[in-house]
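Trainee: May we go through this structure together? I would like to begin with how the two chains meet.

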Amino acid sequence: MHTELVAPHPRSRPSAPPPTPATATACAHCGQPVPSELLDPVDGLQFCCSGCRIVCNMLRQHALDGYYAQRDLEPGQTAPALVTGRDYAEFDDPRFLALYARSNGDERTLELLLEGVHCAACVWLVEKLPELVPGVTQCRLDYARRTAVVSYRTATPTGVDTRARPEATTRASAIARTLDRLGYPPHPHRDGERAALARREERDLLTRLGVAGASAGNSMLFALALYSGGFADMDAGHMRYFRLLSALTALPAVTWSALVFYRGALGAVRARRPHMDLPLSLGIVLGALWGAFNLLRGAGEVYFDSLSTLVFVLLAARFVQVRQQSRAELAAGRARALTPHDARQLNESGAVEVVPAESVPQGAHVEVLAGDTFPVDGRVIEGASQADTSWLTGESVPRRVATGTHVFAGTTNLMSRVVVYAEQSGAETRAARLWQEVQRAATRRAPIATLAEHASAYFLVGVLVLACLGFLAWLPSGAGAAIEVAVALLVVTCPCGLALATPLTVSAALGQAARAGLLIKGGEFLEELSKPALIVFDKTGTLTEGRLSLLRWLGDESLGPAIKALEQTSSHPIARALVATLADVDAAVATAIEHRLGVGVSGVIDGRRVSVGAPASVSGPLPEWADAALSQLGAEGSSAVLVSVDGEVRAVLGLGDPIRKEAAGVLAALRQRGHRLALLSGDREAVVQHVAAELESASGLLELFETARGELGPEAKLAFVEAERERGQRVFMVGDGVNDAAALAAASVGIAVHGGAEASLQAADVFATRPGVQPILELCHGARRALGVIRLNLAVSLVYNLVAACLCLAGAITPLWAAVIMPLSSLSVVMHSYRRRMFGADQ
Amino acid sequence: MSVLFIAVPAALAFAASAVCAFLWASRSGQLDDLDTPPLRMLQDDGALRPAAPKTKRR
């Protein structure tokens, strides 16, 4: 089974260009400022990165400058172009093609998921692929799914004289390379089963909706004739004719389209759970049967127009709701970092063969270069390096790997090339198995009983009671009249407004939330979010920035140039953090640079030996002030870096993961709303306690966190969440790494934050596309507002229903009344739902 | 008014053929992607004058 679990692909995320002064030149392609060191005084055009340059040249080369005009039609954010420069050779591998491409004679069709698609101009550009790559016959981009379907010729069709009509052919790798150089790195894509099923369901729903619409429209036309006949006389023959026609045209809506509701009602009965589909189906079926009976006997009222319109309107609401949900799922899935789907396998002679990662057999030797992700689980047999396991374990500091160390698929190899003896690949890797656990936890979860379901239960009972009362009250006037009243009651109080109240408000709320960057996968989560809960936070990436940064600098401040000179030669996270902090400092010139793995860097600058590294890099005793600094940093859980010149310690730098500035305020606000807070992290205990203490003092509240624990693995986090839920506590889990995914699935509402690994995005119910904790506050606030709107809508619809019921019991109801009341109640609900601001700027 | 007995079924047959066309379009997947066609509608082929970045002729 193709594992869907992925790790943050190091090359997928463009690193932001370092900050430049405001007067910088703008990139000719994306408009971002060009860093000073890349300014080329000779060239007429300036670019912020090689990616942008490559794309712009491609466009000019093929006379596709129209792209810029297209893009300017729609003002929006532009980002530097993503160009990985890979050669995609593995796309031509027959195993790859067997998995991802469909053959049709000489033509092949490939589905590719593209990164970097963000506007209409991208659609235009991608669909121009046939002009850029001879041999491609068609390229269509599905914007919502970011998937391009490319058809291309692999061989000249037989029987065609190639001299007269040369038919170009091409290969999958050429297509992939072109897309990459346009700024859209492609990834192989096959609809997961769930996605394919969702697509089929949406298609089915749309079809039924269309038919119901046609049905309702035509039925209403004939009903209009009948109403007119009610005011001026119509002869009996025509009356019967039109009644028959209104029944026939309503038939498709009431039988085929309404199956959606009948199935829902049957499901509700079997599961013994209330659902709005139940009173709905009852009303439609009884109304249709009674109408048919009246049609045959030639007396009494027929309500076919109202029934078919009811079906149409409610199906429309359901369609909107379903699309909303699938959009949120798609967006969350799209933001994922994508698989390292290839592995560099070494064969007996030592040559490298690039193969799909899932196909690596046990015992194979796999080469992993510096900067690449490990494609399999295994042990290192050659080389030594450091691995970034933060998204799997939550550790913020890289872990040493050497011969014999176990490594895991998805973690990043930071420093140098290693060779790994493969032990598990594909679905057997630890990450994949964790993912399976996540999926199991998700299916085990009990569905949330929503407000709408409770309302529908009471509603059903109420309507049935009223119908019986009406029947009994009118019985003295005759059985026919009594049944008429009871059925009319069921039809007219058919919960049009009521059934619309929740789905429409939910759709409107989810749409607004999505525009505010909060992707919620379903209405039931909205309800849960509006209630007080225990909110469990992950530390790294959620409460903290998630990257190593310089926190403290003690000692000589003039050593910046020297530090930069040494550290810019290393790709260790600490080195990168230091270089980033010193972005506007010019590096000194260093010679005789020496790297000691896991210890530090040293070199000669201006004749002095300068060394930057861990405390272990300094031999001999440290000055007192340095010692004090070290113990302070140790207590905080930060990493210490010592800078020494000619053996003498001159500066102590403290590096750590900085706490987000707004975190304390947000946490305090959440406490004030009645939520309880907990902090669970995989990082070291000292760091976690330090972060908790800092947040507490910054927020001004005592006991900010009910629980703060470190060094927790994914299983431990899951256990905590499950234990709390056993006790009946509502739990919101906020996290981003794979070590949170299982807990996210088990919580009442799982919230994945920006930058998260794919596993947590899939396991979570809400995805916050903006980093930080501020979105959590907005979620709770917006959810509460949305619930308020839902309740108001329910109240308004109830009023309409009461009016209609009174008219029925008084015997004053006619199909005309029904045809007026139902649209009115629906319209009020629709207007109210879509005009109220629940999520958004004015919070 | 007896023309109604011919006119109405004729109109209904016409409507039914429209519904069949809709069913065919929906079943063959043409209506699956409702997001990209609105974007494609705004695109001109060739009529757009490129607003290219200013280039210096080399």
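Mentor: We shall take the interface and then a few individual residues.
This is a predicted model, in which local features need pLDDT of at least 70 and side-chain atom pairs count only at pLDDT 80 or more, while totals for chains, interfaces and linings use all residues. Residues are numbered from 1 along each chain as its sequence is written, chains are lettered from A and ligands numbered from 1 in the order in which they are written, and side-chain values use heavy atoms, with hydrogens and water left out.

Trainee: How many residues does the contact take from chain A and from chain B?

Mentor: Chain A contributes 41 residues and chain B 34 residues, contact meaning heavy atoms within 4.5 Å. About 3,000 Å² is buried between the two chains, 62% of it on carbon and sulfur atoms. Buried area is the accessible area (1.4 Å probe) that two parts lose on being put together, summed over both.

Trainee: How many salt bridges are found across the interface of chain A and chain B?

Mentor: The rule finds three salt bridges there, each a side-chain nitrogen of Lys or Arg within 4 Å of a carboxyl oxygen of Asp or Glu. Glu127(A) pairs with Arg40(B) in a salt bridge, their closest N and O atoms lying 2.7 Å apart.

Trainee: Which helix gives the most to the side of chain A that touches chain B?

Mentor: That is H7(A), with nine residues. Helices (H or I, at least four residues) and strands (E, at least two) are DSSP runs, numbered from the N terminus.

Trainee: Changing topic, where is Gln512(A), and is it buried or exposed?

Mentor: Gln512(A) lies in helix H16 (residues 496-515) of chain A. Gln512(A) is buried, at a relative accessible area of 7%; buried means under 20% relative accessible area, exposed over 50% and partly exposed in between (1.4 Å probe, protein chains only).

Trainee: What is Gln512(A) in contact with?

Mentor: Neighbours within four places in sequence aside, Gln512(A) touches Arg836(A), Arg837(A), Met838(A) and Phe839(A). Its side chain reaches the backbone nitrogen of Phe839(A) at 3.1 Å.

Trainee: What about the phi of Asp646(A)?

Mentor: Phi of Asp646(A) is positive, near 50 degrees, in a residue other than glycine. Asp646(A) sits in the loop between strand S21 (639-645) and strand S22 (648-656) of chain A, and Asp646(A) is partly exposed at 48% relative accessibility.

Trainee: And where does Ala592(A) lie?

Mentor: Ala592(A) belongs to strand S18 (residues 591-596) of chain A. Ala592(A), although not a glycine, has a positive phi of about 50 degrees.

Note on methods:
A polar contact is a pair of N or O atoms within 3.5 Å; within protein, one must be able to donate a hydrogen and the other to accept it, and residues adjacent in sequence count only if both atoms are side-chain atoms.
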